[in-house]
Amino acid sequence: MRRRILVIDDDRAILDVLAMRLEAMGFDVTATADPAAALAAADAGRFDLALVDLRMDPVNGVELMESLHARQARLPVLIMTAHGTIETAVEAVQRGAFDYLTKPFVPDEFRAKVSRALATRRWTRDRERLQALGQTLASTGVVARVLDAVAQAAVDATEAERSVVFQLEQGRLVPMASAGTPPPRWDALEAGAAAAMDKGVPVTRAGADGGTIVAAPLVVQRGPAGALVVETAARVVPDEDDLELLALFSSQAAVAVRNTFELERLRSGALAALGRMATQVAHELKNPLAGLRLYARHLEQRLARRGDAEDVELATKITATVDHLGAVVSEITAFGRPPELQRAPVALAGLLDECLDLAQARHPGEGIAVARAYDAACPAARVDARELRKALLNLLVNAREALVAGGRLTLATVWAPDTRTLTIRVEDDGVGMSEETLSRAFDLFFTTKPEGTGLGMALARSVVERHGGELGVQSRPGQGTRVVIRLPLEAGEGGA
Ligand SMILES: Nc1ncnc2c1ncn2[C@@H]1O[C@H](COP(=O)(O)OP(=O)(O)OP(=O)(O)O)[C@@H](O)[C@H]1O
Ligand SMILES: [Mg+2]
């Protein structure tokens with residue numbers, strides 16, 4: 001496809017010369033002396049370059065350039081100017097022109113600037129987008145983030161109105177990530193995705209409002225697992241470059257999705273094995289620890305009888321440390337074999353207050369505001385209070401540990417009677433988690449704390465899931481963390 005160049009100059013003679021010269025260089029030229037006609041041409045189709053005269057009556061070239069940029073944001077513009085107006089030309093560059101050409105034109109300079117404008121444009125658009133995308137893909141193990149980056153890159157690189165990444169889930173195409181303006185209609189985009197997946201290659205079809213839909217399949221394992229779809233505005237016709245770029249993005253997306261799945265599979269397999277081993281080791285440690293504790297207590301008492309205060313203190317430290325070890329060991333063993341739930345009717349507000357008090361006792365941090373907002377309509381429910389207390393306590397302790405003075409911890413509940421679901425929210429405006437931490441927070445033994453065991457989150461989720469509920473986390477570094485628990489409640493005594 002020939003590159004399209006728009007030339008606007010109110011001097012007919014110059015216009016003709018420029019058109020001839022550019023055509024001789026192999027370009028498809030639209031030359032006009034009328035700014036309104038130029039804007040109409042930009043409305044009708046995309047250009048690769050525009051040459052705009054600086055001084056035209058009554059229009060100013062820089063303003064015309066800005067109107068062109070409103071239609072096609074990254075259109076490279078060369079401002080043409082006569083000698084003596086260099087300062088204005090410099091200003092034009094500051095306002096978004098790619099470069100300026102001084103009249104009369106010097107053939108070599110003319111040729112060089114035109115090809116540089118064209119080449120630079122292609123170069124930045126490919127290199128910068130690919131580099132940014134590559135970095136995102138390398139830096140995150142979170143599928144959702146990868147797909148967001150792909151959608152964004154597709155919009156930027158193709159000048160499309162919008163882009164959506166669809167994934168096939170249980171036979172249905174689900175939009176997983178999107179960028180650009182929201183689509184007026186999803187069905188056309190979905191149909192495009194389905195067509196690309198059927199064909200196995202990028203496809204083009206008519207979109208809403210006269211635009212074009214381009215879809216490229218996302219081939220993850222044996223077959224397509226989804227598609228990357230972009231939709232352009234009516235005047236933008238995607239060219240072969242755009243198709244190629246889209247196919248490239250979708251193949252990068254596919255690699256990233258595959259890697260992330262693979263990583264998750266490996267991680268959960270390895271973790272399960274590690275968990276089993278840890279439970280066995282913990283079990284083996286139980287008896288010797290009990291013995292050690294007994295001897296240490298014995299020693300403590302003997303030394304106390306001798307009245308040796310300093311040594312008593314040492315022995316007490318040994319006992320305390322052994323106790324701590326014992327607690328860790330029984331936590332690990334409990335994790336390996338979670339007890340049957342002992343459900344009984346519980347007033348949840350009381351349970352939540354109790355957990356707050358316990359967390360407070362463990363972390364008597366100064367200057368932390370605690371806000372509670374319980375839904376008074378929540379009825380008593382049949383839950384395992386002991387287990388639920390353990391889960392909530394871990395979340396509250398995490399929140400306290402994330403907070404510094406001046407921070408705020410929120411514990412809130414919302415009761416939805418129609419679905420009999422209680423939503424519990426534990427929120428802090430503390431340090432937050434990086435993407436890496438967030439993606440691993442539920443891994444057994446994953447911790448970023450020097451004294452942590454890395455069991456709290458995994459335990460909390462396991463308790464909630466054994467109650468038939470769900471636990472999710474949102475977090476941003478430096479902004480805080482929100483844990484949301486959705487718990488379907490079995491009615492308590494006298495409940496509905
Ligand atoms: N509210 C939070 N704010 C910031 N980071 C958090 C929060 N909750 C959890 N994390 C991160 O998740 C990691 C795992 O949490 P988890 O509760 O499982 O273990 P831990 O707190 O490190 O140790 P412990 O087993 O003693 O609870 C933490 O080390 C921390 O990096
Ligand atoms: Mg914790």
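Guide: The domain bounds used here come from an automatic or database domain assignment. The model is predicted: local features need pLDDT of at least 70 and side-chain atom pairs count only at pLDDT 80 or more, whereas totals for chains, interfaces and linings use all residues. Residues are numbered from 1 along each chain as its sequence is written, while chains are lettered from A and ligands numbered from 1 in the order in which they are written.

The protein comprises domain 1 (4-126), domain 2 (139-260), domain 3 (264-336) and domain 4 (344-488). Between the C-alpha centres of domain 1 and domain 4 the distance is 60 Å.

The shell of ligand 1 holds 23 residues, of which Asn 398, Ala 402, Thr 447, Gly 452 and Gly 456 come nearest; a residue is near a molecule if its C-beta atom, placed from the backbone, lies within 6 Å of it. By class, the shell has 9 nonpolar, 12 polar and 2 charged residues. In this division Ala, Val, Leu, Ile, Met, Phe, Trp, Tyr, Cys and Pro count as nonpolar, Asp, Glu, Lys and Arg as charged, and the others, Gly among them, as polar.

At least two residues of the shell come from each of α11 (385-402) and α13 (456-466), and α11 contributes the most, with 4 residues. Helices (H or I, at least four residues) and strands (E, at least two) are DSSP runs, numbered from the N terminus. As a general point, an α-helix has 3.6 residues a turn, so residues three or four places apart point the same way.

Axes are lines fitted to C-alpha atoms, for helices over the stretch in contact, and angles run from 0 to 180 degrees between N-to-C directions.

The open sheet has 5 strands in the order β12-β14-β15-β17-β16, with mixed pairing. β12 (369-373) and β16 (470-476) are its edges; each has a single partner strand, so one side of each is left without a neighbour in the sheet. On average, neighbouring strands of this sheet are turned by 10° against each other, direction ignored. Two strands pair if DSSP finds at least two bridges between them; β12 and β14 (residues 408-416) run parallel and are joined by 5 bridges. Within this pair, Val 370 is set opposite Leu 409 of β14.

Arg 420 occupies the loop between β14 and β15 (421-428). Its phi is positive, near 50°, in a residue other than glycine. Most residues other than glycine have a negative phi, and most peptide bonds are trans. Elsewhere in the protein, the peptide bond from Lys 103 to Pro 104 is cis, with omega near -5°, and Pro 104 belongs to the loop between β5 (99-103) and α5 (107-139).

A further open sheet also has 5 strands, ordered β7-β6-β10-β9-β8, and its pairing is antiparallel. Here the edges are β7 (172-180) and β8 (203-206), each with a single partner strand, so one side of each lacks a neighbour in the sheet.
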